[in-house]
Amino acid sequence: MMFKKRQFNVIVISVMSATLFCAVIVLCSLSPLAKTGPNANEFGSNGMWTAIGGILLVYLIPLLLYGIGVPAMKYVMAVLCGGGILTSVPIVGISALMLLSSNDTVMLYSVIIGGFSLIIVNIAWFFFAFHSDKNGNSHTSQL
């Protein structure tokens, strides 16, 4: 029973993470970051939709496998969550630096807030997925 509750919590926070990651991609495409180079995604472009589709696919496959009872997928999702954190940190940093020279501060603040939210949710994901109960049992391999 404890595993099912933990599994539900991991699935919910993973969906939150995927949603925030897609929101950060959209916010970046609306911000001055979209004008930083030839490979930057502009809002509504094929590149933006491809990035969103790729993110959803990368989240969906391990999440479905974990949901049907493959507990080892939690470790795959942990690697992906770590990658989400590593992706968000430079986005937040570059957006903060761009605040110094841009007039579009509202969009940059939105990207920073979205990026920080994604970092916080991804860190929380690790606590939901790997925390121990009161007795020190981790429940990571029980089904």
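Set aside neighbours within four places in sequence, and Ser88 is in contact (heavy atoms within 4.5 Å) with Gly115, Leu118 and Ile119. Ser88 has its place in helix α3, where helices are DSSP runs of H or I with at least four residues, strands are runs of E with at least two, and numbering starts from the N terminus. Ser88 counts as buried because its relative accessibility is 2%; buried means under 20% relative accessible area, exposed means over 50%, and partly exposed is in between, with a 1.4 Å probe and protein chains only.

A word on what you're looking at. This is a predicted model, in which local features need pLDDT of at least 70 and side-chain atom pairs count only at pLDDT 80 or more, while totals for chains, interfaces and linings use all residues. Residues are numbered from 1 along each chain as its sequence is written, and side-chain values use heavy atoms, with hydrogens and water left out.

Now zoom out. The protein chain has four helices and zero strands, so the pattern along the sequence reads α-α-α-α by the DSSP-run rule. Of the 143 residues in the protein chain, 38% are buried. Take the contacts between residues at least 6 apart in sequence: 71% of them join residues at least 24 apart.

What does the inside look like? In general, nonpolar side chains tend to be buried together in soluble globular proteins. A nonpolar core here is a set of buried Ala, Val, Leu, Ile, Met, Phe, Trp, Tyr and Cys residues joined through side-chain atoms within 4.5 Å. The largest nonpolar core has 20 residues, and Phe21, Ile25, Cys28 and Ile55 touch the most other members. Helices α1, α2, α3 and α4 each give two or more residues to this core, with the largest share, six residues, coming from α1. Ile55 is in contact with Phe21, Cys22 and Ile25, leaving aside its neighbours within four places in sequence. Apart from this core lies another one, of eleven residues, including Ile13, Cys81, Val121 and Ala129.

Val121 is worth a stop. This residue is found in helix α4 and is buried, because its relative accessible area is 11%. With neighbours within four places in sequence left aside, Val121 is in contact with Ile13, Met16, Ser17 and Leu20. Val121 and Ile85 are 36 residues apart in sequence, yet their C-alpha atoms are 9.3 Å apart in space.

Over in helix α2 you'll find Leu63, which counts as buried because its relative accessibility is 12%. Leu63 touches Ile11, Ser14, Val15 and Met77, not counting residues up to four places away in sequence. Between the C-alpha atoms of Leu63 and Val76, 13 residues apart along the chain, the separation is 9.4 Å.

On a 1 Å grid over the protein atoms alone, a cavity is a set of points where a 1.4 Å probe fits but cannot get out, and lining residues have an atom within 4 Å of a point. Grid points are joined across faces, edges and corners, and a volume is the space filled by probe spheres set on the points. The count comes to one cavity of 30 Å³ or more, and the largest cavity holds about 70 Å³ of space. Among the residues that line the largest cavity are Leu63, Ser14, Met77, Cys81 and Trp125. Helices α1 (2-30), α2 (46-67) and α3 (73-98) each supply at least two residues of that lining, and the largest share, four residues, comes from α2. By class, the lining has eight nonpolar, two polar and no charged residues; Ala, Val, Leu, Ile, Met, Phe, Trp, Tyr, Cys and Pro count as nonpolar, Asp, Glu, Lys and Arg as charged, and the others, Gly among them, as polar.

Trp125 takes us on to the rings. Rings of Phe, Tyr and Trp (its six-membered ring) pair if their centres lie within 6.5 Å, with planes under 30 degrees apart counted as stacked, over 60 as edge-to-face and the rest as tilted. The whole structure has four aromatic pairs. One of them, Trp125 with Phe126, is edge-to-face, at 5.3 Å centre to centre and 90° between the planes. Trp125 counts as buried because its relative accessibility is 1%, whereas Phe126, at 28%, counts as partly exposed. Phe126 also forms a stacked pair with Phe130, at 6.4 Å centre to centre and 25° between the planes. Because Phe126 and Phe130 are four residues apart in helix α4 (residues 105-130), about one helical turn separates them. Ring pairs link Tyr75, Trp125, Phe126 and Phe130 into a cluster.

Methods:
On a 1 Å grid over the protein atoms alone, a cavity is a set of points where a 1.4 Å probe fits but cannot get out, and a pocket is an open set with protein on both sides within 12 Å along at least five of seven lines; lining residues have an atom within 4 Å of a point.
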